[in-house]
Amino acid sequence: MASTTRLILNDLHAHGRLNHQQWLTLLAEAQSAPAFAEEIRTCAHAIRERYFGRAVYIRGLIEISNYCRNDCYYCGIRKSNGEVSRYRLSPNEILQCCRQGHDLGFRTFVLQGGEDAWFNDDRLARLVAAIRAEFPDSAITLSLGERSRESYERLFAAGANRYLLRHEAVNPDLYASLHPPRQRLANRLDCLRNLQAIGYQAGAGFMVGAPGQTLAHIAEDMVFLGDFRPAMVGIGPFIPQHATSYAHEPAGSVDLTLILLSLIRIMLPNVLLPATTALGTMDPQGHAKGMRAGANVVMPNLSPADVRGKYLLYDNKMSFGSEAAEGLDTLRQHMAEAGYKVVVARGDQPPLEN
Ligand code: SAH
């Protein structure tokens with residue numbers, strides 16, 4: 001058994017992809033044998049060191065709006081959650097966040113939000129162009145959900161560089177169980193392909209332990225990531241939100257998330273891989289554990305403090321301390337204690353070595 005799984009791991013390392021059965025075997029062994037999981041982690045960390053050294057790239061996360069036309073069953077800001085106090089930052093407020101972030105040392109701004117129709121193409125393109133003009137040394141990442149190809153093209157032309165759009169689940173049945181019928185997996189995947197074709201550094205990903213998700217589903221997601229070859233991958237544990245239908249579902253596993261971070265690092269050696277807020281929320285050592293597993297990015301919250309309590313995708317979401325832009329010194333210190341170094345840099349994807 002152990003030698004079979006080691007051969008599969010070698011295969012992943014050598015070729016950057018595995019088939020579904022290989023993923024299943026590898027994941028099952030990694031979950032049941034801590035020594036094998038540690039072997040995977042060591043391999044992933046060596047690759048992290050080769051591409052990024054001990055650097056930690058930071059991104060200033062600005063949650064621009066919690067209005068959303070979608071109704072993802074797991075998400076706290078879904079349209080039909082009547083408990084949410086809705087807010088929308090003005091373009092000026094967003095620019096102000098960027099200014100504050102730039103002073104603190106951020107050279108990537110991530111604009112994330114619900115699918116809010118107020119941010120139409122005209123308004124968003126103007127905003128992106130204004131950020132681009134004022135911060136020519138910084139990268140602009142958008143995470144604003146599904147939009148038309150024309151929209152993505154305009155935003156790219158206005159100066160956006162990266163786009164995060166987790167695919168959530170590539171298995172059609174699982175996707176359909178997590179979303180209402182009008183939200184279609186095919187459209188989400190088309191969006192991802194469009195983003196990549198336009199020239200964005202595109203980011204895919206999924207929640208670990210989403211309700212109904214099995215190891216076989218995760219194996220499918222890993223096959224998808226191996227084929228799609230995203231520049232970024234966002235994964236984090238599912239965390240229940242009390243006003244959703246999944247309020248009483250168990251949260252995803254931190255250990256499995258760490259194993260997956262390592263396997264993604266081995267599969268996509270130069271990928272930009274965050275230790276996510278959800279991981280940090282589930283485990284106070286989440287950032288450090290994430291870095292040791294092969295992650296290289298942290299995204300502290302740069303939203304105005306008074307709206308942070310309203311962008312609650314899940315319960316107890318962290319947005320202060322080392323998850324906060326103004327807590328950067330805390331993050332620096334935590335990372336230094338773990339042997340890593342927060343850097344002031346755009347932090348683009350380095351080229352793949354062969
Ligand atoms: N509207 C944008 C941004 C979504 S929020 C979009 O559609 O891409 C960013 C991510 O948070 C989602 O992709 C989802 O994977 C994650 N998320 C949502 N609810 C969550 C929950 N309850 N637990 C953990 N992660 C969650």
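Tutor: The largest nonpolar core holds 107 residues, and Ile-62, Val-233 and Ile-264 have the most contacts inside it; such a core is a set of buried Ala, Val, Leu, Ile, Met, Phe, Trp, Tyr and Cys residues joined through C-beta atoms within 7 Å, where buried requires 20 or more other C-beta atoms within 10 Å of a residue's own, with C-beta atoms placed from the backbone. Helix H10, residues 254–267, supplies the largest share of this core, nine residues, helices being DSSP runs of H or I with at least four residues and strands runs of E with at least two, numbered from the N terminus. This is a predicted model, in which local features need pLDDT of at least 70 and side-chain atom pairs count only at pLDDT 80 or more, while totals for chains, interfaces and linings use all residues. Residues are numbered from 1 along each chain as its sequence is written.

Leaving aside residues up to four places away in sequence, Ile-264 touches Leu-225, Val-233, Val-271 and Leu-273, a contact meaning that two C-beta atoms, placed from the backbone, lie within 7 Å.

Turning to the whole chain, buried residues make up 49% of its 354 residues, and 76% of the contacts with a separation of 6 or more join residues 24 or more positions apart. The chain has 14 helices and nine strands, and its C-alpha atoms fill a box of roughly 60 × 45 × 35 Å along the principal axes.

Notes:
A residue is buried if 20 or more other C-beta atoms lie within 10 Å of its own, exposed if 12 or fewer, and partly exposed in between; C-beta atoms are placed from the backbone.
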